[in-house]
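Here are some notes to go with the model, for someone opening it for the first time. They are meant to be read with the structure on screen.

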Amino acid sequence: MSDTQQAKHQPRGKIVGLGGSLRAASLSAAALRAGMAMAAELGLDCETLDVRELQLPMYRPDWALADYPAEHQASLQRLVAAFRSADAMLWTCPAYHGAMSGVFKNALDFMQLLARDPRPYLQGCAVGLVSLSDSSPLGGMAHCVQELRAWLAPTRLTLDDGDFDDALALRDEAAQRRLRRLVGELAGFVASHPLTR
């Protein structure tokens, strides 16, 4: 394989998707799957973190990673490693009572474990936001992006159940276009702002 062919097959950076809910038929998890599939088509290395699958404990601000019980170590180590390896992130979150869900915010709180890293928090990453049901979580999510020293993608989406079919595939063409535009912005940012580690 030539160097040109190898370059075409090498990932163009890593995107980590964080989302979902504790609902079995989660629209935010479905939106995350759709977005990550689009990212893979653009040549990004993709890792998806579904909060339902992770089953994270509550974040304890005075605990180190090693202080959490053994049954949570695998999921926490995966979460923290994914955060550290991300060049970009895609966040999908349902609206619960006018804000982001507690389980999603709890996952974000574990980024405090990256505070003393050489690259603290998400410094230098780009983050794209998708809310489900209504737009109320987007403001709080955007504020978290800022506090974590990341860049916010200009396109932000709100999707609802009418955008999905019975199998939870994103069927609405306008929603597909908006999500593809958002993922394209993240891919473009990664390509033009490579992180050094």
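Contact here means heavy atoms within 4.5 Å of each other. Keep in mind throughout that this is a predicted model.

1. Let's start with Ser-131, which sits in strand S5. Its relative accessibility is 0%, so Ser-131 counts as buried. Which residues is Ser-131 in contact with, once neighbours within four places in sequence are left aside? The list is Cys-93, Pro-137, Leu-138, Leu-157, Thr-158 and Leu-159.

2. Strand S5 itself covers residues 126–132, and it pairs with strand S6, residues 151–159. The pairing is parallel and runs over 6 bridges. To get from S5 to S6, the chain passes through helix H6 (residues 137–147), and this β-α-β crossover is right-handed.

3. Next along S6 is Leu-152. Is Leu-152 buried or partly exposed? At 34% relative accessibility, it counts as partly exposed. Not counting residues up to four places away in sequence, Leu-152 touches Val-127, Leu-129, Ala-142 and Val-145. Thr-48 is another matter: its C-alpha atom is 19 Å from that of Leu-152, and the two residues are 104 apart along the chain.

4. Helix H2 takes in residues 27–41, 15 residues in total. From first C-alpha to last it reaches 21 Å, close to the 21 Å expected at 1.5 Å a residue. Why call H2 largely enclosed by the rest of the structure? Because 11 of its 15 residues are buried. Among them are Leu-27, Leu-32, Gly-35, Met-36 and Met-38, along with several alanines, including Ala-29, Ala-30 and Ala-31. The cover over these buried residues includes S1, S2, S3, S5, S6 and H7. Just after the helix, Gly-43 takes a positive phi of about 90°.

5. Helix H4 (residues 70–85) is worth a look too. It has 16 residues and reaches 23 Å between its first and last C-alpha, close to the 22 Å expected at 1.5 Å a residue. Its buried residues are His-72, Gln-73, Ser-75, Leu-76, Leu-79, Val-80, Ala-82 and Phe-83.

6. The largest nonpolar core has 36 residues, and Leu-18, Met-89, Trp-91 and Leu-122 have the most contacts inside it. Elements giving two or more residues to this core are S1, H3, H4, S3, H5, S5 and H6. Apart from it lies another core, of 28 residues, with Met-36, Leu-159, Ala-187 and Val-190 among them.

7. How many disulfides turn up in a search of the whole structure? The count is 0. Take Cys-46: its closest cysteine sulfur is in Cys-125, 14 Å away, and that is too far for a bond. Cys-46 has 28% relative accessibility, so it counts as partly exposed. Cys-93 is in no disulfide either, with the nearest cysteine sulfur, that of Cys-144, 9.5 Å away. Cys-93 counts as buried, at 0% relative accessibility.

8. A couple of backbone angles deserve a check on screen. Gln-55 is not a glycine, yet it has a positive phi of about 50°. You'll find Gln-55 in the loop between H3 and H4, and its 48% relative accessibility makes it partly exposed. Ser-133 is not a glycine either, and its phi is positive at about 85°. Ser-133 belongs to the loop between S5 and H6, and it is exposed, with a relative accessible area of 53%.

9. Finally, have a look at Ala-174 in helix H7, which runs over residues 173–192. Ala-174 counts as partly exposed, at 26% relative accessibility. Its C-alpha atom is separated by 8.8 Å from that of Asp-163, a residue 11 places away along the chain.

Terms used:
Residues numbered from 1 in each chain as written. Predicted model: local features only at pLDDT ≥ 70, side-chain atom pairs only at ≥ 80, totals over all residues. Heavy atoms only, no water. Helix = DSSP H or I, 4+ residues; strand = E, 2+ residues; numbered from the N terminus. Expected span 1.5 Å × (residues − 1). Buried < 20%, exposed > 50% of the residue type's maximum accessible area, 1.4 Å probe, protein only. Pairing = 2+ DSSP bridges. Right-handed = clockwise from strand over helix to strand, strands pointing away. Core = buried A, V, L, I, M, F, W, Y, C linked by side-chain atoms within 4.5 Å. Disulfide = S-S within 2.5 Å.
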